[in-house]
Amino acid sequence: MPKKIKIYSDGACRGNPGPGGWGVLLIYNDTEKEIYGGESKTTNNRMELMAAIMGIESLTNSCKIMITTDSKYVMDGITKWMEDWKKRNWMTASKKPVKNKDLWQRLDRACSIHTIEWYWVKGHSGHQENERVDLLANKGIDEIIT
């Protein structure tokens, strides 16, 4: 029976592009782990993707994951658009290259060994875990710019 893990992920950027950060909260039973990081020049969408990627990649065994993000971009990309992008060789419906293809492909690889349910929550709406990962993402930025 695979472990059941809850992941909360968030990305942040100051300027777009600008310094960015990502934050993740992993919960397994009563154990919590926070991870975060940042990049000096990036975009908010790349940081939202990195948060999901880093959360999933931090797991070493196949798990049943419930991941919550406040990013419609990540949510729609993974649940609605990705299969068609892959069928079209990473092109959009309008025949343009998929933005952030490198991270979408990395996310796709990271997801491949897990069973994942994706959830969306409105950002900055008082959702306790989402507020925590927002603080972590901003900590990632703070450590890059200081």
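**Packing of helices H1 and H3**

In this predicted model, Arg46, Leu49, Met50, Ala52, Ile53, Met54, Ile56 and Glu57 of H1 are in contact with Asp102, Leu103, Trp104, Arg106, Leu107, Ala110 and Cys111 of H3. Sorted by class, the contact between H1 and H3 comprises 11 nonpolar and 4 charged residues, with no polar ones.

The geometry of the pair comes next. Two packed helices are described by the angle between their axes and the distance between the axes. For H1 and H3, which covers residues 101–111, the angle is about 25° and the axes lie 9 Å apart. Because angles under 35 degrees count as roughly parallel, H1 is roughly parallel to H3. The crossing of H1 past H3 is left-handed.

Buried residues in H1 are Met47, Glu48, Leu49, Met50, Ala51, Ala52, Ile53, Gly55 and Ile56. An α-helix has 3.6 residues a turn, so residues three or four places apart point the same way.

With a relative accessible area of 17%, asparagine 100 is buried, because the cut-off for burial is under 20%. Leaving aside residues up to four places away in sequence, asparagine 100 touches Asn45, Arg46, Leu49 and Tyr73. Of these, Arg46 and Leu49 also belong to the set of H1 residues that meet H3.

Conventions: Residues are numbered from 1 along each chain as its sequence is written. This is a predicted model: local features need pLDDT of at least 70, side-chain atom pairs count only at pLDDT 80 or more; totals for chains, interfaces and linings use all residues. Side-chain values use heavy atoms; hydrogens and water are left out. Buried means under 20% relative accessible area, exposed over 50%, partly exposed in between (1.4 Å probe, protein chains only). Helices (H or I, at least four residues) and strands (E, at least two) are DSSP runs, numbered from the N terminus. Axes are lines fitted to C-alpha atoms, for helices over the stretch in contact, and angles run from 0 to 180 degrees between N-to-C directions. Angles under 35 degrees count as roughly parallel, over 145 as roughly antiparallel, 65 to 115 as roughly perpendicular and the rest as oblique. A crossing is left-handed if the near helix is turned anticlockwise from the far one by less than a right angle, and right-handed if clockwise. Contact means heavy atoms within 4.5 Å. Ala, Val, Leu, Ile, Met, Phe, Trp, Tyr, Cys and Pro count as nonpolar, Asp, Glu, Lys and Arg as charged, and the others, Gly among them, as polar.
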